[in-house]
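Could you walk me through this model in my viewer, one selection at a time? I would like to know what to pick next and what I will find there.

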Amino acid sequence: MRREARRLGRIVSDLLDLSRIERGLEPALCRIPVKIESTIEATVDLFRQGTASHPITAECEPALPVVDADPDALERVLTNLVSNAIKYSPSGSTVRVGARALAGGVAIEVADAGRGIPADALSRVFEPYYRVPDAAGAAHGTGIGLAVVKALVEAHGGSVRVESAPAMGTRVTVVLPSTPRS
């Protein structure tokens with residue numbers, strides 16, 4: 001029941017953010033210094049408790065820089081990405097989550113071994129309510145998750161990209177700027 005309540009809470013938050021985006025406003029953020037490793041571990045642990053169908057691995061480089069982020073927004077970004085990876089991957093396939101340092105930032109990757117996204121659909125995956133045509137019947141969803149992910153990441157001054165090929169899986173990379181050291 002708790003898991004379902006959290007899922008519904010995320011949907012409501014996503015809808016509120018989408019409403020702000022459609023009005024030309026940025027999502028509301030409450031930013032603090034955040035350690036990416038602990039956020040990734042917490043999100044992965046949540047999914048490990050809820051799914052026995054997909055092994056989930058988490059690999060973070062040691063001593064990642066801290067990012068200036070809204071912890072709730074960051075958790076929603078990761079939750080949307082891991083949830084999609086699970087939904088569109090065959091049972092038993094591994095979902096990989098990782099983070100590595102970049103010059104001035106941190107890259108977070110979520111990768112699956114799922115059905116992949118056709119090249120002609122890649123440019124549209126961040127559009128609100130868009131669902132890849134052949135994926136709509138494969139899994140339930142609202143079609144707003146990736147639009148919200150993009151808006152939240154960009155509101156943090158970051159970027160997001162998707163690499164995918166049919167039958168090869170999908171990798172989503174989020175890059176967030178690190179907190180300047182004083």
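Start inside: a search of the whole structure finds one cavity of 30 Å³ or more. A cavity here is a set of points on a 1 Å grid over the protein atoms alone where a 1.4 Å probe fits but cannot get out, and lining residues have an atom within 4 Å of a point. Grid points are joined across faces, edges and corners, and a volume is the space filled by probe spheres set on the points. The largest cavity has a volume of about 30 Å³. Select L74, V77, L152, V153, H156, V174 and L176 to show its lining. Helix 3 (71-87), helix 5 and strand 7 each give two or more residues to that lining. By class, six lining residues are nonpolar, one is polar and none is charged. For these classes, Ala, Val, Leu, Ile, Met, Phe, Trp, Tyr, Cys and Pro count as nonpolar, Asp, Glu, Lys and Arg as charged, and the others, Gly among them, as polar.

A word on what you are viewing: this is a predicted model, in which local features need pLDDT of at least 70 and side-chain atom pairs count only at pLDDT 80 or more, while totals for chains, interfaces and linings use all residues. Residues are numbered from 1 along each chain as its sequence is written, and side-chain values use heavy atoms, with hydrogens and water left out.

Next, select helix 5 (residues 145-155). Helices (H or I, at least four residues) and strands (E, at least two) are DSSP runs, numbered from the N terminus. Nine of the 11 residues of helix 5 are buried, so this helix is largely enclosed by the rest of the structure. Buried means under 20% relative accessible area, exposed over 50%, and partly exposed in between (1.4 Å probe, protein chains only). Among the buried residues of helix 5 are L146, V149 and L152.

Move on to T170, in strand 7 (residues 169-177). T170 is buried, with a relative accessible area of 11%. Its side chain makes a polar contact with the side chain of S164 (2.8 Å). A polar contact is a pair of N or O atoms within 3.5 Å; within protein, one must be able to donate a hydrogen and the other to accept it, and residues adjacent in sequence count only if both atoms are side-chain atoms.

Finish with two alanines. A63 sits in the loop between strand 2 and strand 3 (67-69), and A167 in the loop between strand 6 (159-165) and strand 7. Although not a glycine, A63 has a positive phi of about 55°; A167, not a glycine either, has a positive phi of about 65°. Are they buried or exposed? A63 is exposed at 69% relative accessibility, and A167 is exposed with a relative accessible area of 66%.

Methods. 1 Å grid on protein atoms, 1.4 Å probe; cavity = no way out; pocket = protein on both sides within 12 Å on 5 of 7 lines; lining within 4 Å.
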